[in-house]
Amino acid sequence: MAQRKNFMGALVTAAVLISLVTGCGAKATETTATPKAPETSKSTEAPPAKPASDKVVVGFSQIGAESGWRGAETQSIQDTAKADSTIELKFSDAQQKQENQIKAIRSFIAQKVDVIAMAPVVETGWEAVLKEAKDAKIPVILVDRGIDKKNEDLYTSFIGSDFILEGQNAAKAMAEHLGDKGNIIELEGTVGASAAIDRKKGFDDEMKNHPNIKIVKSQSGDFTRATGKQVMEAILKSPEGKDIQGVYAHNDDMALGAIQAIEEAGKKPGSDIKIVSVDGIKEAFEAIKAGKLNTVVECNPLLGPQLFQAAKDVKAGKQLPKWIKSNEEVFSGQKAIDALPNRKY
C-alpha cells in the first residue's frame with residue numbers, strides 16, 4: 001500500500017513538472033518571436049537623407065580648341081579644378097557646335113550640378129536651354145563670351161574681357177602704326193560670336209576718328225589659323241588686296257595665318273603690311289620679336305581661378321557682379337619682347 005501511494009505521488013509530481021515545462025516553453029516562444037511588420041509599412045518610411053557634399057560641382061561647356069588662346073583657357077580651368085579639392089569639374093568640348101553645347105547643358109541639368117559655366121560659341125539661341133537651367137535653380141556663369149542682351153536674366157554673371165575696348169585699342173594701335181593713313185583688311189572671328197561682334201564694333205567706332213584709314217575688305221576667318229591664312233591668300237589675290245598697308249585680326253591665330261599668307265605672297269609682314277591682333281598668345285609675342293607682328297591687344301584666358309571662386313561664392317549664397325572683368329594690357333615693341341619670357345600661354 002505504501003508502495004502504491006509512493007508511485008501515485010511520483011506520477012502527480014511528474015505531471016506537474018511536465019505542465020510547468022510546457023507552459024514556460026510556450027511563453028518563451030511568444031515573447032522572443034519578432035512579429036513581421038506589414039508589407040505596406042516599408043513604403044511609408046522616408047529614406048535616409050544624403051549628407052550635403054562639401055564640393056562645388058561645376059559643369060563647364062567649352063567651345064572647342066580653335067586656337068592657342070582657347071587651349072590656354074581650357075588648361076587654366078582644368079588645372080585650377082584639379083588643384084582644388086573642393087571643386088568637382090564636369091568638362092564638355094562642343095567642337096565649335098552650338099547643338100553640342102546645348103546637349104551638354106541639358107546633361108549638366110540632369111546631373112544636378114551646382115553651377116553651369118559655358119563659353120558660348122555664338123550669342124543667340126540660348127533662351128530655351130538656359131530657361132531650363134533657371135527652372136532647375138542652377139546658376140549659369142558665362143566665361144569669356146556673352147549672349148544676347150535680351151537674355152541677361154538667364155545667367156548670373158559674365159567673367160571676361162571688354163571686347164569693345166579691345167577693338168578700340170586695336171584701332172588706336174593701327175592708326176599709330178599707319179600714321180593715320182592707309183587701306184586695311186579686317187579678319188573677323190566666328191560669325192555671331194560676341195567677341196567678333198564687339199571687337200568689330202569697337203574697332204569701327206574708333207576708326208571714325210581716323211577718316212583717312214579705310215577698311216577695304218572685312219571677312220570672317222572663324223578664329224582659326226588655317227582659315228585666317230586661307231582668307232588672307234584670297235584677299236591678296238583680289239582687287240581689294242592689291243594696295244593694303246594693314247591687317248586687323250580679331251585673334252592672334254588668324255593673324256599668324258595671315259603672316260604666312262603675306263610671306264608666301266612675297267611681302268614682309270610687320271613692315272610692308274602692319275598687323276594688329278587680339279589675344280596675347282606666346283607665338284604672337286614671338287612674332288613681334290621677329291618683327292612680323294606689330295601690336296597685340298591682350299585678352300586674358302587664364303580665367304580658371306576667377307570662375308571657381310565665383311562658383312563657390314554663388315553656392316554660398318553670395319551675390320555676384322553681373323560682369324567680372326579680367327585685367328589686360330596692350331603690347332608692342334620692346335614691351336612685348338620683355339614680357340615674352342613670362343607668358344604662360
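**Close-up 1. Packing of helices H8 and H9 in the predicted model.** Helix H8 spans residues 225–237 and helix H9 spans residues 252–264. The two pack at an angle of about 40 degrees, and their axes are 7 Å apart. At this angle H8 is therefore oblique to H9. The crossing in which H8 passes H9 is right-handed. On the H8 side, the contact is formed by Arg225, Gly228, Lys229, Met232, Glu233 and Leu236. On the H9 side, the residues are Asp253, Met254, Leu256, Gly257, Ala258, Gln260, Ala261, Ile262 and Glu264. Sorted by class, the contact of H8 with H9 holds seven nonpolar, three polar and five charged residues.

**Close-up 2. Packing of helices H6 and H7.** Helix H6 covers residues 163–178, and helix H7 covers residues 194–207. Their axes lie 7 Å apart, at an angle of about 45 degrees. H6 and H7 are therefore oblique to each other. H6 passes H7 in a crossing that is right-handed. H6 contributes Phe163, Ile164, Glu166, Gly167, Gln168, Ala170, Ala171, Lys172 and Met174 to the contact. From H7 come Ser194, Ala195, Asp198, Arg199, Lys201, Gly202, Phe203, Glu206 and Met207. By class, eight residues in the contact of H6 with H7 are nonpolar, four are polar and six are charged.

**Close-up 3. The open sheet of six strands.** The strand order is S7-S6-S8-S9-S10-S12, and the pairing is mixed. At the edges are strand S7 (213–220) and strand S12 (330–332), each of which pairs on one side only. On average, neighbouring strands of this sheet are turned by 15 degrees against each other, direction ignored.

**Close-up 4. Pairing of strands S10 and S12.** Strand S10 consists of residues 295–298. S10 and S12 run antiparallel and are joined by three bridges.

**Close-up 5. Helix H7 across the strands.** H7, the helix that also packs with H6, lies across strand S6 (182–188), S7, strand S8 (246–249) and strand S9 (274–279). H7 runs at about 165 degrees to S6. Among the strands that H7 lies across, S7 is an edge strand of the sheet.

**Close-up 6. Helix H10 across S10 and S12.** Helix H10 is made of residues 282–289 and lies across S10 and S12. H10 runs at about 155 degrees to S10.

Definitions and conventions. Residues are numbered from 1 along each chain as its sequence is written. This is a predicted model: local features need pLDDT of at least 70, side-chain atom pairs count only at pLDDT 80 or more; totals for chains, interfaces and linings use all residues. Side-chain values use heavy atoms; hydrogens and water are left out. Axes are lines fitted to C-alpha atoms, for helices over the stretch in contact, and angles run from 0 to 180 degrees between N-to-C directions. Helices (H or I, at least four residues) and strands (E, at least two) are DSSP runs, numbered from the N terminus. Angles under 35 degrees count as roughly parallel, over 145 as roughly antiparallel, 65 to 115 as roughly perpendicular and the rest as oblique. A crossing is left-handed if the near helix is turned anticlockwise from the far one by less than a right angle, and right-handed if clockwise. Contact means heavy atoms within 4.5 Å. Ala, Val, Leu, Ile, Met, Phe, Trp, Tyr, Cys and Pro count as nonpolar, Asp, Glu, Lys and Arg as charged, and the others, Gly among them, as polar. Two strands pair if DSSP finds at least two bridges between them.
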